[in-house]
Amino acid sequence: MLPPLEETLRGSLVERFPTCGKPGCKCARGERHPPVWYLTVTLAPGRTTGAVVAPEQLEQVRRWIANYHRCKEHLEKISAINRELLRRERRQLRLRTATRTGRWVWRSAVFAGLFLRSGVL
Ligand SMILES: [Zn+2]
């Protein structure tokens, strides 16, 4: 089943160990402060944005990112089916046998068949 679209998030989580800059601090000696999680999102090649994610938000953000990938997989499968459908429909059109209604019925039937076989649902 498709995850809820409103619970999707594109991006990746990265863990950073910040240094605070205080000379006497343990991080100046190479010890680590607790990690800070960031969500980084590529907007365009070479352009990214991001935001700090609170520890309490981590689980939800991970789930939303996973949902995003699942939705994307579904869309890719449906697109592959529709490419195949267009190819078959074009072949059918070249035979010039399909009436307007006939073509619609044929398209729905072929889509349903391909859809079920793809295991999208
Ligand atoms: Zn420090």
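**Questions on a predicted model**

Student: Which residue in the hairpin of β2 and β3 takes a positive phi?
Tutor: In this predicted model, G46 takes a positive phi near 80 degrees. The hairpin of β2 and β3 has two residues between its strands.

Student: What makes β2 and β3 a pair of strands?
Tutor: A pair requires at least two bridges, and seven bridges join β2 to β3. Among the bridge partners are A44 with R47 in β3, and W37 with V53 in β3.

Student: What holds paired strands together in general?
Tutor: Strands of a sheet pair through backbone hydrogen bonds.

Student: In what order do the three strands stand in the sheet?
Tutor: The order is β1-β2-β3, in an open sheet with antiparallel pairing.

Student: Why are β1 and β3 said to stand at the edges?
Tutor: β1 (12-16) and β3 (47-53) each have a single partner strand, so one side of each is left without a neighbour in the sheet.

Student: By how many degrees are neighbouring strands of this sheet turned against each other on average?
Tutor: The average is 35 degrees, with direction ignored.

Student: How do you know that β1 and β2 are paired?
Tutor: Five bridges join β1 to β2, which covers residues 36-44. Since at least two bridges are needed, the strands count as paired. They run antiparallel, and L13 stands opposite L39 in β2.

Student: Which strands does helix α1 touch where it packs on the sheet?
Tutor: Helix α1, residues 58-94, touches β1, β2 and β3. The direction of the helix makes about 145 degrees with that of β1.

Student: What pattern does the protein chain follow along the sequence?
Tutor: The pattern is β-β-β-α-α, which accords with a count of two helices and three strands.

Student: Why is R10 called partly exposed?
Tutor: The term covers counts between the exposed limit of 12 and the buried limit of 20. R10 has 14 other C-beta atoms within 10 Å and therefore belongs in this middle class. R10 is found in the segment before β1. Leaving aside neighbours within four places in sequence, R10 is in contact with V41 and Y68. From R10 to Q60 there are 50 residues in sequence and 13 Å from C-alpha to C-alpha.

Student: To which class does C27 belong, and what makes it so?
Tutor: With 14 other C-beta atoms within 10 Å, C27 is partly exposed. C27 is found in the loop between β1 and β2. Not counting residues up to four places away in sequence, C27 touches T19, C20, R32 and H33. The C-alpha atoms of C27 and R107 are separated by 64 Å, and the two residues are 80 apart along the chain.

Student: What makes β3 a hardly covered strand?
Tutor: To be buried, a residue needs 20 or more other C-beta atoms within 10 Å. Among the seven residues of β3, the count of buried residues is zero. In the protein chain, buried residues make up 1% of the 121 residues.

Student: What percentage of contacts between residues at least 6 apart in sequence join residues at least 24 apart?
Tutor: The share is 52% in the protein chain.

Definitions and conventions. Residues are numbered from 1 along each chain as its sequence is written. This is a predicted model: local features need pLDDT of at least 70, side-chain atom pairs count only at pLDDT 80 or more; totals for chains, interfaces and linings use all residues. Helices (H or I, at least four residues) and strands (E, at least two) are DSSP runs, numbered from the N terminus. Axes are lines fitted to C-alpha atoms, for helices over the stretch in contact, and angles run from 0 to 180 degrees between N-to-C directions. Two residues are in contact if their C-beta atoms, placed from the backbone, lie within 7 Å.
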